[in-house]
Amino acid sequence: MAAITGEMSWFCCGNSWGPCGTAGHGACGTCNSGSYQHAWPNASAACLEITRPDRCGISLSRRGCGFRHYTTNRCNGKRIGTTIADCGPQTDLWCGERSCCGSVCGTNRIIDLTPAAYSQIASLSSGLSPCSVDIV
Amino acid sequence: MTETIDRRRLLTSAVVGGASLVGATALGSLAPEAAFGAPDQAVEPGAPDPNFAEGRITGISAGMLFVTGSDMALWRIRITGGTSIWKLRPTTFDTVAVGDGLYARGLRLDDGTLAADSVWVNIVNLHAHIAAIGRNVLHLDHKGRRVVGHLVPGTSAARYNNTPAVSDMSMLRVGKHVQVIGAWVPDTNEVEIATVYASA
C-alpha cells in the first residue's frame, strides 16, 4: 500500500472520565486511550458500510483488528506506529474537508488515533491535522 | 536512548532541586511541539505508553498532581516550569483543580513520577449532532446523550471545512454533524467549546 494522505483526529476509548466514560473498548474490544492504537474506516465490511470513504472518492484497504499502520504528522514529520482497535472515522460525514498547516494540507478523514498515539505526534488541542498513513 | 537518559537526568535534577525549566534547554525545547515524537518509537504498536497518563486529579501539592487513572492506576505527575498546560486554552498551573480530568505526556522518572511536558486538562473531542442552538450555547447529541456546549466569547472558534478558525458561529445549523474540542465541566454534561469543526 502506497502512503495515503488525508486528515487525522483522535478519539477516546476504554475506561475514561467525562463524556468519554461511555466509550467502551471499540469494535475490536481492545481499545484503550493510553495505548498506541487507532480506528480505521475499513476494519470490516460492516464498518465500511458506516464510514463509506468511497463516497469521498477514497479506496482504503480492508485491514482487521491488530493490523499495524504508521501515521506521519505532515506538519512536523513525526511518525507513530499503531494497531487497529476500532472502526472509524466516519469519513463520509466530512467529504472534501481539508486541514492545513502552512502549504501542507490533507483532505478527508482517514484515521483516528488514541490520545496516547495522537499526543506523541501532535497536540491534542489541535484536534485535526494533515497526515499520511502507510504500512511500513 | 542517550538523549532520553540525559533528559530524564535533567528533569529529575530540576524537580528535585526546585529549579524552573523554561523554554529551550541544551537538550532542545521542552515545548510540546518539540516533545512530540521521539526519533525512535520505544513502545510497540498496540501497547500502552508508560509516558502517557490519563485520569482524574485527586490531589495537588507542591507542583505535583496526584491522579487516579480510569483503570485505577495511580499517577504522580510533576509539573515543571517547562510543562505546557491546556485547559480550554493554554493556561497556568493555578487553574488546575482537584476533580479535573486530564491527559498528560512526559517522561517517567526513576522515582515513578511522570515529569510532564504537556497536560491537557478536561479536554474532550466530541463527535456529535447539533440538536438545538441557543444564545452562546449548542445542545449536542453525543452517542445518544445530551451534552450542553457553551460558547465562550473571545475563545470559542469555528472551522467550516477548510476555512481558518473564526469566531462567527452563524453557519452552524441544527442537525449538522460537528466535532468539538472543548473542556469538560467536571461531573456535569456540559463542556466549554474551544473549537467546533463543521462541514460547510
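**Where chain A meets chain B**

The side chains of Arg68(A) and Glu44(B) form a salt bridge, 2.6 Å from N to O. A salt bridge here is a side-chain nitrogen of Lys or Arg within 4 Å of a carboxyl oxygen of Asp or Glu. Across the interface of chain A and chain B, the rule finds one salt bridge. Elements giving two or more residues to the chain A side include β1 (4-10) and β3 (68-73). Strands are DSSP runs of E, at least two residues, and helices are runs of H or I, at least four, numbered from the N terminus.

This is a predicted model: local features need pLDDT of at least 70, side-chain atom pairs count only at pLDDT 80 or more, and totals for chains, interfaces and linings use all residues. Residues are numbered from 1 along each chain as its sequence is written, chains are lettered from A and ligands numbered from 1 in the order written, and side-chain values use heavy atoms, leaving out hydrogens and water.

Now take the whole interface. In it, 43 residues of chain A are in contact (heavy atoms within 4.5 Å) with 44 residues of chain B.

Next, look at Asp86(A). Its place is in strand β4 (residues 79-87) of chain A. Asp86(A) touches residues including Phe11(A), His38(A) and Trp40(A).

Finally, chain B has two helices and 15 strands. Of its 200 residues, 48% are buried.

How values were computed
Buried means under 20% relative accessible area, exposed over 50%, partly exposed in between (1.4 Å probe, protein chains only). Lists of a residue's contacts leave out its neighbours within four places in sequence.
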